[in-house]
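Let's take a friendly walk through a protein structure. Have the sequence and the 3D view ready, and follow along section by section.

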Amino acid sequence: MAGLLSLLTESWQSGEALARRLGVSRAAVSKEARRLLSEGYPVEVSRQGYRILPGTPLPHLFHPRGRLGRPYRYLGRVGSTQDALRAWAEEGAPEGALVLAEVQERGRGRRGRPWASRPGASLTFSLLLRPSLPLPALGLLPLLAGLALVEAVGVGGLKWPNDLLAPDGRKLAGVLLEAKAEGEEVAYALLGVGVNVAWAPEGAAFLQEFTPLSRREVLEAFLLRLEGLLPLLETPEAFLARYQKASYTLGRPVRVRTAKGVVEGLAEAVFPDGSLLLGGVGVAAAEVELLPLIE
Amino acid sequence: MTPKELKQILQALVEHGVNELTLETPDYKLTVRRGGEVQVVSVPQVQVPMLAAPPPEVPAPTPPAPAAPVEKPQVQTEAPDDCPGCVEVRAPIVGTFYRAPAPDAPPYVKEGDRVEKGQVLCIIEAMKLMNEIESEVSGIVKKILVENGEPVEYGQPLFLIQPV
């Protein structure tokens, strides 16, 4: 039975009313609701009937205010939203195409690290960008995505390049960018974002500890903010001034693990290419660990 | 100067039928000749690691096709000596070189593998942007020139591929 998901709203509707609209029995509605739940869709069932968990970005309830976020695919269970979007990009999906899933069986972060999420409580999506800038000019894109995130939620700050941390240092959200390079041209970039909205794995933080934003509100605000920031890729100084204000890393003693070993020092600045200046050394790819401030 | 600006200058040359242009600013001097090669003279050591890397080789567009788009900088070039006929795949960006999508995953390619045009050869990471580098030719991977996890410079040769 198709269509139950597209009829659900944030208000309760009786099984009888839904069955009538779909032209099926009440038992069929009940069965379909259970199937949707098992697929990860946050359908709520009570004596009042059925509804979708409030704040869920169902396609008919999600209204991006800019050009990013459409076309839109809202999915239950996937391997990872990055892989689903990659396949769509290869088929020719346009910039702004968005894939959001409730369950990621192989959600991942940098270098294949797992990203844990929970249906209805985590926001995990991938956005397709088709940058016109050549690859070497895209070093600021990961930082820009992080800035869009922190400005969209209004909580926390960024650990270079783009982890969103709560004020107490626990992780709220992560960003993963995967690009396909054809020479120096970028065929497409897959911007993957995972936000802990109403739940977090142990040791991490979730947004609703700090702000009452729903998943849909976070998503809509992020897309709009990102669209507004993207032109700043062409004016790195203006971008960096703004990035600096949102940084939890700059001016802090940090330890970074690079492919060449561990470096410790004061995070002094971010270069216009996005790399971090640390004790006189430029770092382009590394894990950053914030060290306690010296009292 | 950003790569985009350079592109715009080249585009303008083609559109207006200009054959030679010299641009001098306090920071650099750039001479562009159509049909010849681009020369970047005295690039300053500006505080931008990306730009301090070797300047991109931008082939000038050929005169018979005035409306043609500017060709992209070459990152795959003919290799010298030890592997005649091989194509060199170079790093299009500064970053960390990875042979596999994850530490416990098998490598994208091994020496001796046959690869198709468009197949992913490796990842170069910069600022947590994972760039999949693909082969622009079909052929045999003759040599992998960089170790997994090593930092690479702009334009550094990564693979030698024998086209078939």
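## A threonine tucked inside

First, a term: a residue is called buried when its relative accessible area is under 20%. This is a predicted model, and in it Thr249(A) has 0% relative accessibility, so it counts as buried.

Where does Thr249(A) sit? Look in the loop between helix H7 (236-245) and strand E10 (253-258) of chain A. Setting aside neighbours within four places in sequence, Thr249(A) is in contact with Leu158(A), Lys159(A), Trp160(A), Val254(A), Ala267(A), Leu276(A), Val288(A) and Leu290(A).

## Chain A as a whole

Now zoom out. Chain A has seven helices and 14 strands, and its C-alpha trace spans about 70 × 45 × 30 Å along the principal axes. For 295 residues, a compact globule would have a radius of gyration near 19 Å, and the 21 Å of chain A agrees with that. Buried residues make up 58% of the 295.

How about links along the chain? Take the contacts in chain A between residues at least 6 apart in sequence: 65% of them join residues at least 24 apart. As for charge, chain A carries 34 positive and 31 negative side chains, with the centres of the two sets 7 Å apart.

## One side of a helix

Next, find helix H4 (residues 81-90) of chain A, where Thr81(A), Gln82(A), Leu85(A), Arg86(A), Trp88(A) and Ala89(A) are buried. These residues cover an arc of only 165° around the axis, which puts them on the same side of H4(A).

Most residues other than glycine have a negative phi, and most peptide bonds are trans. Here are some exceptions. A cis peptide bond joins Arg70(A) and Pro71(A), with omega about -5°; Pro71(A) is in the loop between strands E2 (49-52) and E3 of chain A. The bond from Trp160(A) to Pro161(A) is cis as well, with omega near -5°, and Pro161(A) is in the loop between strands E6 (157-159) and E7 (163-165).

Over in chain B, Met127(B) has a positive phi near 50°, and Lys128(B) has a positive phi of about 65°. Met127(B) lies in the loop between strands E8 (120-126) and E9 of chain B, and Lys128(B) lies in the loop between E8 and E9. Met127(B) is buried at 4% relative accessible area, and Lys128(B) is buried at 10%.

Technical notes
Residues are numbered from 1 along each chain as its sequence is written. Chains are lettered from A and ligands numbered from 1 in the order in which they are written. This is a predicted model: local features need pLDDT of at least 70, side-chain atom pairs count only at pLDDT 80 or more; totals for chains, interfaces and linings use all residues. Side-chain values use heavy atoms; hydrogens and water are left out. Helices (H or I, at least four residues) and strands (E, at least two) are DSSP runs, numbered from the N terminus. The radius of gyration is taken over C-alpha atoms; the globule rule is 2.2 Å times the number of residues to the power 0.38. Buried means under 20% relative accessible area, exposed over 50%, partly exposed in between (1.4 Å probe, protein chains only). Contact means heavy atoms within 4.5 Å. Lys and Arg count as positive and Asp and Glu as negative; His and the chain ends are not counted. The place of a charge is taken as NZ of Lys, CZ of Arg, CG of Asp or CD of Glu. The arc is that of the directions from the helix axis to the C-beta atoms.
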